Amino acid sequence: MDISLEINGKPQQLDVEPGVTLLDALRERLDVTGPKKGCDRGQCGACTVHVGGKPVLSCLTLAATVRQPVTTVEGLADGDELQPVQRAFVDQDALQCGFCTSGQLMSAVAAVEQDVADVREFMSGNLCRCAAYPNIVAAIEQVRQADATV
């Protein structure tokens with residue numbers, strides 16, 4: 001089936017089978033490799049992207065059902081200028097091995113944008129085998145505090 005997707009602000013046309021996930025369409029058809037295939041069951045969060053501004057597990061989302069713009073970690077920065085959450089992850093050493101980082105970043109951006117009360121609970125769907133959780137929370141709090149003082 002022919003589908004149209006907007007990925008990081010750019011329109012894309014694809015011919016996919018009905019069962020192709022958004023993750024597979026991104027990684028294997030469009031060469032957008034930021035979202036990672038971790039568990040492929042929606043349990044680890046490594047595949048998190050934004051669809052219509054909301055975090056979504058792309059391994060559980062059928063590409064053919066997506067109607068709103070998709071933003072991946074590649075779409076966060078403005079050229080060489082890192083998005084504030086990306087900068088805070090660097091500042092707080094919240095990325096360690098890097099495998100989960102793209103999903104962590106996408107969820108962290110949503111946490112900041114939605115001004116969630118319980119960051120730890122909100123981020124609980126993103127697993128980090130390196131145990132960088134305190135640094136990830138510190139990065140989110142860094143951005144939240146910076147927004148409060150602007």
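Buried means under 20% relative accessible area, exposed means over 50%, and partly exposed lies in between, with a 1.4 Å probe and protein chains only. The model treated in these exercises is predicted, so that local features need pLDDT of at least 70 and side-chain atom pairs count only at pLDDT 80 or more, while totals for chains, interfaces and linings use all residues. Residues are numbered from 1 along each chain as its sequence is written, and side-chain values use heavy atoms, with hydrogens and water left out.

**Exercise 1. Classify Val 51 by its accessibility and describe its surroundings.**

Step 1: Val 51 lies in strand β3, where strands (E, at least two residues) and helices (H or I, at least four) are DSSP runs numbered from the N terminus.
Step 2: With a relative accessible area of 12%, Val 51 is buried.
Step 3: Leaving aside neighbours within four places in sequence, Val 51 is in contact (heavy atoms within 4.5 Å) with Leu 22, Val 56, Val 66, Gln 68, Pro 69 and Val 70.
Step 4: Pro 134, by comparison, is 83 residues from Val 51 in sequence and 27 Å from it in space, C-alpha to C-alpha.

**Exercise 2. State which residues of helix α1 are buried and what covers them.**

Step 1: In α1, which spans residues 22-29, the buried residues are Leu 22, Leu 23, Asp 24, Ala 25 and Leu 26.
Step 2: Their cover includes β1 (2-7), β2 (10-15), β3 (48-51) and β5 (70-71).
Step 3: After α1 comes Asp 31, which has a positive phi near 60°.

**Exercise 3. Describe how α2 and α3 are arranged, and which residues make their contact.**

Step 1: The axes of α2 (residues 84-91) and α3 (residues 101-113) come within 9 Å and cross at roughly 120°; such axes are lines fitted to C-alpha atoms, for helices over the stretch in contact, and the angles run from 0 to 180 degrees between N-to-C directions.
Step 2: The two helices are therefore oblique to each other, given that angles under 35 degrees count as roughly parallel, over 145 as roughly antiparallel, 65 to 115 as roughly perpendicular and the rest as oblique.
Step 3: From α2 the contact takes Val 85, Gln 86 and Phe 89, and from α3 it takes Thr 101, Gln 104, Leu 105, Ala 108, Val 109 and Val 112.
Step 4: Gln 104 of this contact is buried, with a relative accessible area of 1%, and, apart from neighbours within four places in sequence, its contacts are Phe 89, Met 123, Asn 126, Leu 127, Cys 128, Tyr 133 and Ile 136.

**Exercise 4. Locate Gln 96 and Ala 131, each of which has a positive phi.**

Step 1: Gln 96, although not a glycine, has a positive phi of about 35°; this residue is found in the loop between α2 and α3, and at 39% relative accessibility Gln 96 counts as partly exposed.
Step 2: Ala 131, also not a glycine, has a positive phi of about 65° and lies in the loop between α4 (119-122) and α5 (133-149).
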